[in-house]
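Hello,

Here is the structure I promised to pass on to you. My notes on what turned up in it follow below.

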Amino acid sequence: MADARSIGIFDSGIGGLPIAKQVRSFMPNENLIYLADTLHAPYGEKTEAYILERSLKITDYLLQRKVKAIVVACNTATLVSIKALRERYPIPFIGVEPGLRPAALNTKTGVIGVLATAKTLTSQSFHDLAQRVAMGATVEIQPCPDLVLLVEALKLSYEEASATVHAYVQPLLDKGADTIILGCTHFTHLKTVIQKVVGETVNVISTEEAVAREVNRRLQQENLLSAQQTPGSTLLLTNSERSRFEQQVETLWGEAAIDTF
């Protein structure tokens, strides 16, 4: 049976927009509601209890808006909260994990670098994932709190971001990393800059396309895909300063319906 309800997507800010774009690309007829919890960002500096509380409140809000599935478009929130969300709510939840498996398959030096928030890198879920899928590769981690701030401030050009990016990636390169994982969805907005800083011999991995494919697979599996033939609607929500969010969306997405919650 067809289901015209929206897909809910949330992140601590604008980091999940590349995932939303990929979902839109794979499923152009689906309705999307994207929620940026910017008032409580960044999640990487919060306690696990706080992140779980926010994830529960956001899920309750999205369910009030009748969503049929929720994409947790944030690595930190996924690692901290998704198990509890799946146990508590009867809808599909699709999360985001650092791309350790493709990195392990691609590395030639056997050294993988991970750029992420401190909360992601210190979580037990991350360490369990690394042990399970790294296939013997050495995983070197690098917390990058300033990169989230750069993205939220739309400082995305090489001139604005390269010095900060270099400071974070050079220790990983010095340890022999030939594959670098973007372990925070915000960092996808800086992928071009990161690739330019590390050079073409280093593989930079992000996971937004894989997440969108999984959303499509799960909805098909659960018979939740929309049958409408017209383009789906997109609603982007923020609980922070609307004018700033409008500027972010105009830069990173284009024209879209925007509101506050």
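Let me start with a helix pair: α1 (residues 17–26) packs against α10 (residues 208–221), their axes lying 8 Å apart at an angle of about 50 degrees. The crossing of α1 past α10 is right-handed. On the α1 side the residues that meet the partner helix are P18, I19, Q22, V23 and F26, while α10 brings E208, E209, V211, A212, R213 and V215. Sorted by class, this contact holds seven nonpolar residues, three charged ones and one polar one. Please keep in mind as you read that the model is predicted.

Helix α7 (residues 145–152) and helix α8 (residues 158–174) have axes that come within 10 Å and cross at roughly 165 degrees. Because angles over 145 degrees count as roughly antiparallel, α7 is roughly antiparallel to α8. Here α7 passes α8 in a left-handed crossing. P145, D146, L147 and L150 of α7 make the contact with E160, A161, T164, V165 and Y168 of α8. Six of the residues in this contact of α7 with α8 are nonpolar, two are charged and one is polar.

Now to the interior. In soluble globular proteins, nonpolar side chains tend to be buried together. The largest nonpolar core in this model has 53 residues, and I7, L115 and V215 are the ones that touch the most other members. Helix α8 gives the most to this core, with five residues. There is also a second, separate core of 21 residues, which includes F10, I33, I58 and A77.

Which residues does I7 contact, leaving aside its neighbours within four places in sequence? The partners of I7 are V23, M27, E30, N31, L32, I33, V67, K68, A69, V71, V215 and L219. Two of these, V23 and V215, also take part where α1 and α10 meet.

Is R54 buried or exposed? With a relative accessibility of 10%, R54 counts as buried, because the cut-off for buried is under 20%. Apart from neighbours within four places in sequence, R54 is in contact with D37, H40, Y43 and N239. The C-alpha atoms of R54 and G95 are separated by 15 Å, with the two residues 41 apart along the chain.

Enjoy exploring it!

Best wishes

Technical notes: Residues are numbered from 1 along each chain as its sequence is written. This is a predicted model: local features need pLDDT of at least 70, side-chain atom pairs count only at pLDDT 80 or more; totals for chains, interfaces and linings use all residues. Side-chain values use heavy atoms; hydrogens and water are left out. Axes are lines fitted to C-alpha atoms, for helices over the stretch in contact, and angles run from 0 to 180 degrees between N-to-C directions. Helices (H or I, at least four residues) and strands (E, at least two) are DSSP runs, numbered from the N terminus. Angles under 35 degrees count as roughly parallel, over 145 as roughly antiparallel, 65 to 115 as roughly perpendicular and the rest as oblique. A crossing is left-handed if the near helix is turned anticlockwise from the far one by less than a right angle, and right-handed if clockwise. Contact means heavy atoms within 4.5 Å. Ala, Val, Leu, Ile, Met, Phe, Trp, Tyr, Cys and Pro count as nonpolar, Asp, Glu, Lys and Arg as charged, and the others, Gly among them, as polar. A nonpolar core is a set of buried Ala, Val, Leu, Ile, Met, Phe, Trp, Tyr and Cys residues joined through side-chain atoms within 4.5 Å. Buried means under 20% relative accessible area, exposed over 50%, partly exposed in between (1.4 Å probe, protein chains only).
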